[in-house]
Amino acid sequence: MKKYCLFFVALAALLVSCSKDNGTSVLKIKASKYTQAGDSKVVLESNYAVWAPGDRIKINGVIKTVGEAGNDIEIEVDTADSYTLVYPSSLGTPNGAANIPVTLSNTQVYQSYNGNQNIAAPMLGYVSGSRPTEMLLTNLCALVRFRVANAFLSSNTNTVQVKNISFVAPGANLSGSGEVGNVASTPELVMGTPSFFTGSVNLDCSSSRRIAYWSFLDYYLVVPPTECGPGALVTVTYQLNSDPDSAYKLELNRALRFEPGRIYNIDVYLGM
């Protein structure tokens with residue numbers, strides 16, 4: 001699942017009931033948009049999450065693989081009176097409208113698709129009725145976009161390789177275990193009690209492309225709904241040309257409240 005400058009990894013969905021003689025239907029799935037935090041309008045039209053070949057979703061407990069890219073895809077499913085769909089397929093197995101367990105790792109890995117980041121941002125949808133025809137998936141998490149710029153002025157031929165981005169916010173729930181409740185109405189991801197171990201999350205960027213002189217690259221972290229006070233620390237580990245790795249630290253002086261379906265922007269200027 002990919003997005004604008006990230007082919008993010010998300011979903012939303014429409015169920016089109018094309019019932020067949022063998023008891024199957026065609027499920028049409030469409031990815032949803034993320035919006036800028038604090039802004040009611042969508043950032044860009046391309047902020048639609050887009051499906052990519054190999055994306056794996058889970059429908060009524062059955063894993064399906066996306067075969068082609070695009071905003072809309074069609075998946076053949078067994079005809080039923082209700083559907084629960086989760087993405088990525090690694091989320092807990094849906095059981096009707098019951099709560100769904102979710103575990104968010106404290107280490108995420110940057111993966112590239114067509115030069116953009118491929119992000120597995122959890123989403124969920126539920127619909128019931130007599131052969132339902134529509135389903136809309138809900139974003140369960142927020143995105144933190146780190147726009148990292150190569151601002152080194154030593155040479156206009158220098159390049160930077162970002163190796164890792166660490167985001168630490170003591171007392172927040174940036175990773176760990178939780179569950180999705182209100183599946184049949186307004187799905188909401190609720191994490192467990194915050195602890196020392198849930199207050200950090202890392203993005204392994206070792207496979208991302210190098211950043212040219214006076215250019216930038218966007219990196220996205222998936223974070224659950226949570227709050228953190230001032231003092232959160234961003235650490236970007238990077239390599240300039242062939243030099244040894246260095247670390248750039250940025251302390252945030254404002255409180256943050258992460259809401260599902262929103263993008264939060266943090267700009268980093270390496271070399272300044």
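Because the model is predicted, local features need pLDDT of at least 70 and side-chain atom pairs count only at pLDDT 80 or more, while totals for chains, interfaces and linings use all residues. Residues are numbered from 1 along each chain as its sequence is written, and side-chain values use heavy atoms, with hydrogens and water left out.

Strands here are DSSP runs (E, at least two residues), numbered from the N terminus, and two of them pair if DSSP finds at least two bridges between them. Strands of a sheet pair through backbone hydrogen bonds, either parallel or antiparallel. Between β9 (residues 100–104) and β17 (residues 176–181) there are 5 bridges, and L104 has G176 of β17 as its bridge partner. β17 is joined to β18 by 4 bridges, with V180 partnered by L189 of β18.

A hairpin is formed by β11 and β12, with 2 residues between the strands; in the turn, N114 has a positive phi of about 55°. The pairing of β11 (residues 111–113) with β12 is antiparallel over 3 bridges, and Y113 has N116 as its bridge partner in β12. Of the 5 residues of β12 (residues 116–120), 4 are buried, so this strand is largely enclosed by the rest of the structure. Buried means under 20% relative accessible area, exposed over 50%, and partly exposed in between (1.4 Å probe, protein chains only).

Salt bridges, defined by a side-chain nitrogen of Lys or Arg within 4 Å of a carboxyl oxygen of Asp or Glu, come to 6. R145 meets D218 in one of them, at 4.0 Å from N to O. This pair links distant parts of the chain, with R145 in strand β15 and D218 in strand β21 (residues 216–223), 73 residues apart. R145 is buried at 13% relative accessibility, as is D218 at 2%. R145 also forms a salt bridge with D267, where the closest N and O atoms are 3.5 Å apart. Here, too, distant parts of the chain are linked: D267 lies in strand β26, 122 residues from R145. D267 is partly exposed, at 37%. Salt bridges that share partners join R145, R147, D218 and D267 into one network. Elsewhere, the side chains of R257 and E259 meet at 2.4 Å, N to O, and E259 is partly exposed, at 28%.

Turning to the surface, L153, Y213, W214, Y269 and M272 form a nonpolar patch with about 620 Å² of accessible area together. Such patches consist of residues with over 30% relative accessible area and no salt bridge, with nonpolar side chains (Val, Leu, Ile, Met, Phe, Trp, Tyr) joined within 5 Å; areas come from the Shrake-Rupley method with a 1.4 Å probe. Y269 lies in β26 (residues 262–270) and is partly exposed, at 42%.

Terms used:
Patch = residues over 30% accessible without salt bridge, like charges linked within 9 Å, V, L, I, M, F, W, Y side chains within 5 Å.
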